[in-house]
Amino acid sequence: MTKIVALSAPFPGVCRVLEEASKLGLLELVKLDSDRVKIPPADVYILGAWHPTYTQIVKVLEGSRVGVLWTSSVGETQFEPIEQDYLAAIITNPAIEFVWFGDESLGEVWEKGFYAPYPMKLPEECIKREKQDIVTLFCPATAKKNILNQLIAVALLQRKHGSLVLHTNVPVDPAFAQSIKLKYVQHGWLQEQEYRELIASSKLNFAVSWAETLNYQSAEAALLGTVSITSATIPWFSPWYELDVPPNSSIDIASLADEMLERREWWGEKAFKSAVDYFENSNRLLEQALSRLTS
């Protein structure tokens with residue numbers, strides 16, 4: 001019998017955590033993306049975040065140990081009032097025995113909660129590509145991602161590095177882009193290999209968000225040989241003093257990006273090592289945390 005089964009609605013960020021845990025053999029993931037889903041027997045069930053349909057699933061799982069993976073940080077939860085309502089309901093629901101938080105503060109504040117870092121199956125080696133005159137910004141178009149500050153920072157950076165072009169999946173208003181003289185290429189959904197090639201050929205990736213519990217995208221970039229300019233909220237690459245950039249200052253973001261471009265190979269190697277070290281440790285800590293659920 002599978003010890004732990006995760007059941008999740010198709011929330012991309014939540015599913016990514018559970019997919020990586022599944023790749024490492026720590027649990028089995030079942031995505032609830034159709035009307036009829038077979039739920040395997042297990043000792044422990046973990047629900048990915050919260051969805052109204054989970055109310056019925058919890059009833060079906062009555063008698064089993066049931067918990068929730070909550071991937072939003074304190075800051076992210078504040079950005080989304082509906083998440084505050086869901087979290088309050090989870091904490092008071094007697095059928096939910098535990099909550100796995102990706103935010104250490106949330107894991108400490110509630111008795112039924114615990115903190116465990118997110119996993120990632122690491123590649124064998126860093127596959128490098130020749131760098132092009134591009135920088136990248138790939139993220140959901142949500143308020144927590146601090147998109148406007150970063151678009152303006154890129155426009156300022158391009159005034160010194162005129163050949164740089166931004167590649168992004170974030171919807172950019174053409175009139176706004178023209179007003180700040182932003183040179184960019186708009187992308188829709190990309191195939192995985194196309195996305196990886198683009199990120200690997202980028203000179204610098206942008207991930208200066210307001211609130212995170214990990215940010216897999218910047219970690220992916222590091223493992224593809226591309227360093228990201230990040231905010232201190234991203235734990236896997238927690239900035240040394242050199243990277244402590246104010247997320248609400250486009251000028252400071254652009255200035256640090258300029259400095260990082262000058263030493264991008266050095267920063268790329270440092271980011272790659274940081275990602276490997278972080279996830280080797282995180283994978284071990286998560287394995288220990290999940291084993292306690294079944295002991």
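User: Leaving aside its neighbours within four places in sequence, which residues is S228 in contact with?
Analyst: This is a predicted model, in which local features need pLDDT of at least 70 and side-chain atom pairs count only at pLDDT 80 or more, while totals for chains, interfaces and linings use all residues. Residues are numbered from 1 along each chain as its sequence is written, and side-chain values use heavy atoms, with hydrogens and water left out. Taking contact to mean heavy atoms within 4.5 Å, the partners of S228 beyond four places in sequence are L204, N205, A207, S218, A221, F237 and M260.

User: Is S228 buried or exposed, and how long is the polar contact that joins its side chain to that of N205?
Analyst: S228 belongs to strand β11, residues 228-230, where strands (E, at least two residues) and helices (H or I, at least four) are DSSP runs numbered from the N terminus. Buried means under 20% relative accessible area, exposed over 50% and partly exposed in between, with a 1.4 Å probe and protein chains only, so S228 at 1% is buried. A polar contact is a pair of N or O atoms within 3.5 Å; within protein, one must be able to donate a hydrogen and the other to accept it, and residues adjacent in sequence count only if both atoms are side-chain atoms. The side chains of S228 and N205 make such a contact at 2.9 Å.

User: Which elements are included in what covers the buried residues of α9?
Analyst: Helix α9 is mostly covered, since eight of its eight residues are buried, and these are Y216, Q217, S218, A219, E220, A221, A222 and L223. The covering elements include α1 (12-23), α8 (192-200), β10, β11 and α11.

User: What word describes how α9 is set relative to α11?
Analyst: Helix α9 (residues 216-223) packs on helix α11 (residues 264-293) with axes 8 Å apart and at an angle of about 120°, the axes being lines fitted to C-alpha atoms over the stretch in contact and the angles running from 0 to 180 degrees between N-to-C directions. Angles under 35 degrees count as roughly parallel, over 145 as roughly antiparallel and 65 to 115 as roughly perpendicular, and the rest are oblique. The angle therefore makes α9, relative to α11, oblique.

User: What is the phi of N215, which is not a glycine?
Analyst: Most residues other than glycine have a negative phi. N215 sits in the loop between β10 (204-207) and α9, and its relative accessibility of 9% makes it buried. Its phi is positive, at about 80°.
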